[in-house]
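Colleague: I'd like to go through this complex with you, and I'll keep asking how you know what you say. Shall we look at it together?

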Amino acid sequence: MLLGMYPKDHRAWFAAEMQSVFEESAQEHRKRGGARYLRFLLAECAGLVGGLGGAWAAKLTRGAYTHHPQLVRPSPATALPQEVQEAQDRVTIHLNSLLHAISHHDFVKARTCAAEEQKAREDLRLLRARYGIAE
Amino acid sequence: MRHVALQPDEIQGKPLTEPVLLILMSLAAQPRHGYALIKDIETLSSHRVRLSTGTLYGALRRLLDDLWIARFEQEDTSRDKQAYRLTTEGRRQLQMELERLKQLTRLGMARLRVTEV
């Protein structure tokens, strides 16, 4: 029920995992007796409530998760070196943050995001040069 | 008291929270999925720290957003057994934090020795 109160995109990404982890942990704690199991449940509820606040705060400040599926799919055999792929991902992340800040008229944050995006692009350019990868 | 303003190149990131530090340390050894992370962190902390599911996934979400970790795809990965791995940036952040803690420990021990004399 608590999980249902998380933002939709958080649930899309993590609900199945969180449920699986909870069930494995619950099974382990059930074997340890009633008192331990109850303490476990209370701690889990407290953690979920805390996590709920954090998830909504993140959604409101950062927008939907920027680590969309294209960034996390397995790399095909002919893919770029991992370092270059990660650098590309960082550029995309910073660009998404910049666009989010602009769309919310948070121009102070947008300036910071723009500087971070520029640095990430420069790092990517240097990495591509090191690996001899064309732009 | 003298206030010292840090120059831009001296400014380091904020200290990591304990859950984040433990997650990064756990993933430094090998990629792990959620439950394996909880168990390894219990071991790393000598059973002092047990992350709840909400705390773990809140931290994982932030670390994914910051690109300090990434999802680790295996052939037999099911949706509920997703593993995570440390990225280059995550490894660098962990190294910086451990250096900071090492320095702090060194200073602290030196002060203890001075007061014991």
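**Confidence, helices and strands**

Modeller: Let me begin with chain B, where confidence is lowest in strand β2 (residues 69–72), at a mean of 88, and highest in α1(B), at 95. Bear in mind that this is a predicted model.

Colleague: What is the average pLDDT of chain B as a whole?

Modeller: Chain B averages a pLDDT of 85, and 81% of the residues score at least 70. The scale runs from 0 to 100. Over residues 4–11 of chain B, pLDDT stays under 50, and the model has 1 contact beyond four places in sequence for that stretch. For the complex, the predictor gives an ipTM of 0.73 and a pTM of 0.69.

Colleague: Why is α1(B) called roughly perpendicular to α3(B)?

Modeller: Helix α1 (residues 18–29) and helix α3 (residues 53–65) of chain B pack at an angle of about 75 degrees, with their axes 10 Å apart. Angles of 65 to 115 degrees count as roughly perpendicular, and therefore α1(B) is described as roughly perpendicular to α3(B). The contact is made by B:P19, B:V20 and B:I23 of α1(B), together with B:T55, B:A59 and B:L63 of α3(B).

Colleague: How do the residues of that contact divide into nonpolar, polar and charged?

Modeller: The contact of α1(B) with α3(B) has 5 nonpolar residues, 1 polar and no charged.

Colleague: Which residues of strand β3 of chain B are on the covered face, and which on the uncovered one?

Modeller: In β3 (residues 83–86) of chain B, B:Y84 and B:L86 form the covered face, while B:A83 and B:R85 form the uncovered one. In a regular strand the side chains alternate between the two faces of the sheet.

Colleague: Now for chain A. What does its secondary structure come to?

Modeller: Chain A has 5 helices and 0 strands, following the pattern α-α-α-α-α along the sequence. Buried residues make up 22% of its 135 residues.

Colleague: Why is A:A110 called partly exposed?

Modeller: A:A110 has 18 C-beta neighbours inside 10 Å. Buried would need 20 or more, and exposed 12 or fewer, so A:A110 counts as partly exposed. A:A110 is found in helix α5 (residues 107–131) of chain A. Leaving aside neighbours within four places in sequence, A:A110 is in contact with A:L98, A:A101 and A:I102. A:A110 and A:H100 are 10 residues apart in sequence and 8.2 Å apart in space, C-alpha to C-alpha.

Colleague: How many residues does the contact between the chains take from each?

Modeller: It takes 32 residues from chain A and 23 residues from chain B. On the chain A side, the elements that give two or more residues are α1 (8–30), α2 (34–62) and α4 (82–103) of chain A. The residues of that side divide into 14 nonpolar, 10 polar and 8 charged.

How values were computed. Residues are numbered from 1 along each chain as its sequence is written. Chains are lettered from A and ligands numbered from 1 in the order in which they are written. This is a predicted model: local features need pLDDT of at least 70, side-chain atom pairs count only at pLDDT 80 or more; totals for chains, interfaces and linings use all residues. Two residues are in contact if their C-beta atoms, placed from the backbone, lie within 7 Å. Helices (H or I, at least four residues) and strands (E, at least two) are DSSP runs, numbered from the N terminus. Ala, Val, Leu, Ile, Met, Phe, Trp, Tyr, Cys and Pro count as nonpolar, Asp, Glu, Lys and Arg as charged, and the others, Gly among them, as polar. Axes are lines fitted to C-alpha atoms, for helices over the stretch in contact, and angles run from 0 to 180 degrees between N-to-C directions. Angles under 35 degrees count as roughly parallel, over 145 as roughly antiparallel, 65 to 115 as roughly perpendicular and the rest as oblique. pLDDT is the predictor's confidence in each residue, from 0 to 100.
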